[in-house]
Amino acid sequence: MSDPVFDLPRERELARQKRPPSLSLLRRRDLRLLFCAVATSELGDSLNYIALMWLALDRGGALGVVAVRLADSLPAFFFGLHGGIAADRWSRRRLMVGADLVRCATLVPVAIAGLSGSLPLWALIAAAFALEAATSYFAPAYGATIPAVVDRQNVPQANALVHATAHALAIAGWALAAVLLAFLPVSTFFAVDAATFLVSALLIARLRVGAGRAVAETAPRLREGLEALRPRRALWLAVAVFAAAMTVTTGSWIAGVPTFVRDTLHRGPGGFSIVMIGFALGAIAVGAMLARIRVRAKARASMLAWLLYLPAYGLIALTSSLPLLVVAAVGTGAGETISYVLLNSAAQEEVPDAVLGCSA
């Protein structure tokens, strides 16, 4: 009997014969450029995350972290839908380059203010809002570009490869942060992240795909993107579950974990970096797994993945040690990554390219 989520081994073997190994996809020039761009900015983002969260905690306590997190969440509601429409209406390459340049320009004054010792909480809040607003345009354009770069049958492998590598680099960034904080002020990380966004923009500017308009004639409207999801019940339900779960879990994680590390475990930003390394390890493990196996019911599996958060959050509630908190972080990283990769792969495989940005 066939597993409702995973194929039988024989079917997986047939799938492997048809699809190239994940790493061989990097022989494609455009994927290689996109891969290097995302990897570079992810390394900078890992440092920026430590700086942003810790300075928010230092300037405003737990409420400061909540304020920054709220500023980081609102752009998805204000600009997310328009970002999807823009990805289907305009050049996806230019949209990604523009978003990277905006993020670079946002971080430069933040770095200068931080290094000069005059970085207030409101500036962190404004920066978080601007960074996520730009990401609201970058993410749909990036997601809609992947199928054109690797062909739709290779989308799951490409997503898993990029996601696992990004988290591997995040580990490197958080480990590096734990070391550099002994010698450098935390605001230095903002300058590093600004530089990585500039490098990412230069790499994406060299892409051959996504240079022209996504469609030749009439650009799709949001209604058409939603209509593309309507007959795909499992997919739109998975999108709704993902949005709700991310809002709840990331809000509690970002506001609660830094405070827990500081006030309960009595650790500094280096301890927070170690916890985030655990999160990334979970993401890497499942990313490597997803690159090797074929998941049939991707949308359903993406919803089931959130169940991994139950034992992880239970462990956080009971623990009073850093090692056990890292173990819990591994579980949350695994759950979020499975859901994210499978949901994106399902959309990229099922939704027509002309409205992929609107539906993403």
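**Close-up views of a predicted model**

**View 1. Helices α4 and α5 pack at an angle of about 125 degrees.** Helix α4 covers residues 121–150, and its axis lies 9 Å from that of α5. The structure shown here and in the other views is a predicted model. In passing α5, helix α4 makes a right-handed crossing.

**View 2. Helices α5 and α9 pack with their axes 8 Å apart.** Helix α5 comprises residues 155–180 and helix α9 residues 269–290. Two packed helices are described by the angle between their axes and by the distance between those axes. For α5 and α9 the angle is about 160 degrees. Because an angle over 145 degrees counts as roughly antiparallel, α5 and α9 are described as roughly antiparallel to each other. The crossing of α5 past α9 is left-handed.

**View 3. A salt bridge joins Asp100 and Arg103 within helix α3.** Helix α3 spans residues 92–115, and both partners belong to it. They are three residues apart, about one turn of the helix. Buried means a relative accessible area under 20%. Asp100, with a value of 0%, is therefore buried, and Arg103, with a value of 6%, is buried as well.

**View 4. Arg59 and Asp58 form a salt bridge.** The closest N and O atoms of this pair are 2.7 Å apart. Asp58 has a relative accessible area of 53% and is thus exposed, whereas Arg59, at 35%, counts as partly exposed. By the rule used here, the count comes to four salt bridges.

**View 5. The side chains of Asp263 and Arg262 meet in a salt bridge.** The distance from N to O is 2.9 Å. Asp263 is partly exposed, with a relative accessible area of 41%. Arg262 also counts as partly exposed, at 31% relative accessibility.

**View 6. Leu70, Leu74, Phe77 and Phe78 make a nonpolar surface patch.** The area of this patch is about 450 Å². One of its members, Phe78, lies in helix α2, which covers residues 29–89. Is Phe78 buried or exposed? Its relative accessible area is 56%; since exposed means over 50%, Phe78 is exposed.

Key: Residues numbered from 1 in each chain as written. Predicted model: local features only at pLDDT ≥ 70, side-chain atom pairs only at ≥ 80, totals over all residues. Heavy atoms only, no water. Patch = residues over 30% accessible without salt bridge, like charges linked within 9 Å, V, L, I, M, F, W, Y side chains within 5 Å. Areas by Shrake-Rupley, 256 points an atom, 1.4 Å probe, with all protein chains shown as cover. Helix = DSSP H or I, 4+ residues; strand = E, 2+ residues; numbered from the N terminus. Buried < 20%, exposed > 50% of the residue type's maximum accessible area, 1.4 Å probe, protein only. Axes fitted to C-alpha atoms, helices over the stretch in contact; angles between N-to-C directions. Parallel < 35°, antiparallel > 145°, perpendicular 65-115°, else oblique. Left-handed = near helix turned anticlockwise from the far one by under 90°.
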